[in-house]
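Welcome, and thanks for taking a look at this one.

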Amino acid sequence: MEPSQRNTETPPFQHPTVPVDSIGRATVFRPFSLSSPHSRAFHLAWLSLFSCFFSTFSIPPLIPVISSDLGLSASTVSAAGIASFAGSIFSRLAMGPLCDLIGPRTSSAILSFLTAPAILSTALVSSPASFVLVRFFVGFSLANFVANQYWMSSMFSGNVVGLANGVSAGWANVGAGLSQLLMPILYTTISGFLPRDVSWRVSFVFPAVFQVITAVLVLLYGQDTPDGNRKKDRTPLDEEHSGFVRILLDGLGDYRAWILALLYGYSFGVELTTDNMIAGYFYERFGVNLEAAGTIAASFAMSNVASRPAGGMVSDLLGKRFGMRGRLCGLWAVQSVAGLLCLLLGRVNSLWGSIAVMWVFSIFVQAASGLIFGVVPFVSTRSLGVVAGMTGSGGTVGAVVTQLLLFSGNDVRKQRSISLMGLMTFVASLSVTLIYFPRWGGIFCGPSSSSSESDDSSQRLLGDEEEDDDKVVISGRLRPVC
């Protein structure tokens with residue numbers, strides 16, 4: 001259902017190149033434009049996160065070479081993969097409140113500047129312990145995802161926020177795939193001029209420099225909100241609503257944020273786990289060479305360019321047509337199919353059959369992540385950063401748990417572990433049925449008959465003055481409570 005046109009007054013904030021709502025957020029999404037601050041924020045956000053994904057996943061495709069040089073065991077490699085995800089858990093939790101306090105632009109740039117030396121220090125590792133430690137600190141850069149989603153939710157209105165979040169994160173996630181493709185090529189090229197044990201170390205200069213460049217661009221050309229950067233000077237009322245403890249407690253106290261974190265743990269978390277082991281899986285099980293394994297792994301991650309944006313778009317379309325119930329039902333359906341496809345991936349015994357199933361699986365598991373962040377902006381306005389941080393951290397927690405349970409040790413049967421990962425994904429998807437919004441309802445129940453319930457989400461994504469319009473955008477016609 002399209003938004004009503006009840007409000008015919010001219011919005012107090014206008015922009016000459018893009019239609020906006022009353023508080024300046026774009027009501028259309030134009031990904032191939034640079035003419036508005038909304039579009040510039042979009043391009044800076046995805047490019048900055050892209051560089052962080054590239055850095056984090058620049059190590060896995062070179063692990064066969066690094067392991068040979070440093071004498072790493074399979075258990076050490078697995079521990080390093082877990083460490084990279086563990087690092088991002090804490091940083092993502094901190095990034096949410098930080099965005100609420102100082103804005104996504106500054107938060108994103110600070111993180112990129114701080115973690116660039118970590119990826120550069122990969123060139124200096126000399127022991128298994130230092131390798132694990134470096135991967136831990138490199139993983140911190142993935143917290144840039146929270147700033148990315150927060151920034152898009154600050155710049156785009158509710159009717160297109162799912163699409164904006166999906167495209168921004170989807171294009172950024174391609175960095176994981178491109179690193180799988182380019183790092184072996186970069187290493188091979190450098191090894192033509194330098195010794196083998198030096199070439200892989202020099203290769204990591206590129207992702208570190210790339211990350212610094214994107215951070216500089218964010219600071220120079222980005223802004224936190226449509227009307228400028230986050231102001232440092234605040235009134236007492238502003239401070240009351242944006243204090244760290246208040247923001248944190250509001251977010252942590254919302255059970256829907258915890259469910260979304262679980263769902264994200266078995267969508268994006270499964271994607272992270274797959275990114276981390278899929279090249280080795282094809283290398284070991286089917287005997288393909290290092291470059292071919294990297295190319296196959298790259299194709300898994302690079303489908304993000306379309307699949308995650310498709311998830312966000314589907315969420316917005318279902319939201320307009322069926323309300324919050326449509327968003328939630330779509331999320332359950334897509335994530336359930338992703339789980340079944342992952343289960344099937346571990347059961348296929350042919351190379352090309354496995355590649356085909358992996359491609360379809362990548363589309364559904366990445367689209368599920370887009371659908372989840374089509375719901376996140378509606379959970380809480382005041383604690384948006386905390387909710388986004390909790391959900392994002394859920395992704396890395398899921399990756400850590402999955403890696404520990406299924407892919408740790410020296411005698412792992414990866415095909416069996418992949419199937420179990422799919423089963424866990426299917427079971428986790430059932431938790432979406434527990435999400436309920438008093439104003440908009442859930443999968444089984446319509447909205448509450450009283451719209452006066454105390455619910456932070458009722459503060460409106462588009463502002464209190466547009467409550468009726470926003471209600472139509474998100475949930476369509478009010479239905480009776482079940």
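A pocket here is an open set of grid points with protein on both sides within 12 Å along at least five of seven lines. With that in hand, please note that this is a predicted model. In the second largest pocket there is about 640 Å³ of space, and 33 residues line that pocket. The protein chain has 482 residues, 60% of which count as buried, and its secondary structure amounts to 20 helices and 2 strands.

**The second largest pocket**

- If you want to centre a view on the second largest pocket, the lining residues closest to its centre are Val77, Met277, Gly280, Glu284 and Lys414.
- Six elements can be named as giving two or more residues to this lining: helix H2 (63-70), helix H3 (74-102), helix H7 (161-191), helix H13 (268-285), helix H14 (290-302) and helix H19 (414-429).
- Which helix gives the most to the lining of the second largest pocket? That is H13, with 9 residues.
- Sorted by class, the lining of the second largest pocket consists of 16 nonpolar, 12 polar and 5 charged residues.

**The cavities**

- Searching the whole structure turns up 2 cavities of 30 Å³ or more.
- The largest cavity has a volume of about 40 Å³, and the residues lining it are Thr17, Val18, Ala26, Val28, Arg30, Ser33, Ser35, Ser36, His38, Ser39 and Phe156.
- The lining of the largest cavity counts 4 nonpolar, 6 polar and 1 charged residues.
- For the second largest cavity the volume is about 30 Å³, and its lining is made up of Gln149, Tyr150, Ser153, Asn165, Phe373, Val376, Pro377, Leu384 and Ala388.
- Helix H6 (144-155) and helix H18 (384-406) each contribute at least two residues to the lining of the second largest cavity, and H6 gives the most, with 3 residues.

**Helix H5 and its cover**

- Helix H5 spans residues 128-138, and Phe131, Val134, Arg135 and Val138 are buried in it.

**Serine 55, in H1**

- Serine 55 is found in helix H1 and is buried, with a relative accessible area of 1%.
- Beyond its neighbours within four places in sequence, serine 55 is in contact with Ile119, Val138, Pro207 and Gln211.
- One of those contacts, Val138, is also among the buried residues of H5.

- Outside the four places either side in sequence, glycine 395 is in contact with Ala261, Tyr264, Gly265, Phe268, Gly269 and Leu272.
- Glycine 395 and glutamate 271 are 124 residues apart along the chain, and their C-alpha atoms are separated by 8.9 Å.

**Phenylalanine 286, between H13 and H14**

- Phenylalanine 286 sits in the loop between H13 and H14.
- Not counting residues up to four places away in sequence, phenylalanine 286 touches Tyr281, Val348, Asn349, Ser350, Leu351 and Ser354.

- The structure holds 0 disulfides.
- Cysteine 52 is buried, with a relative accessible area of 0%, and cysteine 99 is buried too, with a relative accessible area of 0%.
- Of the contacts in the protein chain with a separation of 6 or more, 80% are between residues 24 or more positions apart.

Methods
Residues numbered from 1 in each chain as written. Predicted model: local features only at pLDDT ≥ 70, side-chain atom pairs only at ≥ 80, totals over all residues. Heavy atoms only, no water. 1 Å grid on protein atoms, 1.4 Å probe; cavity = no way out; pocket = protein on both sides within 12 Å on 5 of 7 lines; lining within 4 Å. Points joined across faces, edges and corners; volume = space filled by probe spheres on them. Helix = DSSP H or I, 4+ residues; strand = E, 2+ residues; numbered from the N terminus. Nonpolar A, V, L, I, M, F, W, Y, C, P; charged D, E, K, R; others polar. Buried < 20%, exposed > 50% of the residue type's maximum accessible area, 1.4 Å probe, protein only. Disulfide = S-S within 2.5 Å. Contact = heavy atoms within 4.5 Å.
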